[in-house]
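I opened the notebook to record what I looked up, entry by entry. I wanted to follow the strands, their pairing and the exposure of a few side chains.

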Amino acid sequence: AFMDSVRSLKGAQGGLLVPGASANTSPSNPTDLYMGETLQLVKYDAAAKHFNNLDGVSNFEGQTVKLTPPDLINQ
């Protein structure tokens, strides 16, 4: 039951996710079990000793397999 719940996440927010990012999984697409496909890029400013956001939140929902080299997925 726990894994069924994890595989059925839609719009889960909170924890370490930046505002606007969410976790989604889909039981209707068993090949796309990647929940962290919404992200915000950041760049470290060494002089100021902190991170700065680059652009807004980007959504790569359903694209992880297409964007990731197969040897990283199949390890």
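Entry 1. I began with Thr38, which I found placed in strand S1, and I kept in mind throughout that the model is a predicted one. Is Thr38 buried or exposed? Its relative accessibility comes to 11%, and because the cut-off for buried is under 20%, Thr38 counts as buried. I then listed what Thr38 touches once its neighbours within four places in sequence are left aside: Gly20, Ala21 and Ser22 on the one hand, and Val57, Ser58 and Asn59 on the other.

Entry 2. Next I looked up how S1 is paired, and I found that S1 and strand S2, which covers residues 50–59, run in the antiparallel sense with seven bridges between them. I noted two of the facing residues: Lys43 has Asn52 in S2 as its bridge partner, and Tyr44 stands opposite Phe51, also in S2. Between the two strands of this hairpin there are four residues, and I recorded that Lys49 takes a positive phi near 60° there.

Entry 3. I stayed with Tyr44, which belongs to S1, the strand of residues 38–45. How exposed is Tyr44? With a relative accessible area of 44%, Tyr44 is partly exposed, since that class lies between the cut-offs of 20% and 50%. I also asked which residues form a nonpolar patch on the surface with Tyr44, and I found Val42 and Phe51, the three having about 320 Å² of accessible area together.

Entry 4. Leaving aside neighbours within four places in sequence, I found Asn53 in contact with Gln40, Leu41 and Val42. For Leu41 I also looked up the C-alpha separation from Asn53, which is 6.2 Å although the two residues are twelve residues apart along the chain.

Definitions and conventions. Residues are numbered from 1 along each chain as its sequence is written. This is a predicted model: local features need pLDDT of at least 70, side-chain atom pairs count only at pLDDT 80 or more; totals for chains, interfaces and linings use all residues. Side-chain values use heavy atoms; hydrogens and water are left out. Patches are made of residues with over 30% relative accessible area and no salt bridge: like charges are joined within 9 Å, nonpolar side chains (Val, Leu, Ile, Met, Phe, Trp, Tyr) within 5 Å. Accessible areas come from the Shrake-Rupley method with a 1.4 Å probe; for residues, only the protein chains shown count as cover. A salt bridge is a side-chain nitrogen of Lys or Arg within 4 Å of a carboxyl oxygen of Asp or Glu. Buried means under 20% relative accessible area, exposed over 50%, partly exposed in between (1.4 Å probe, protein chains only). Two strands pair if DSSP finds at least two bridges between them. Contact means heavy atoms within 4.5 Å.
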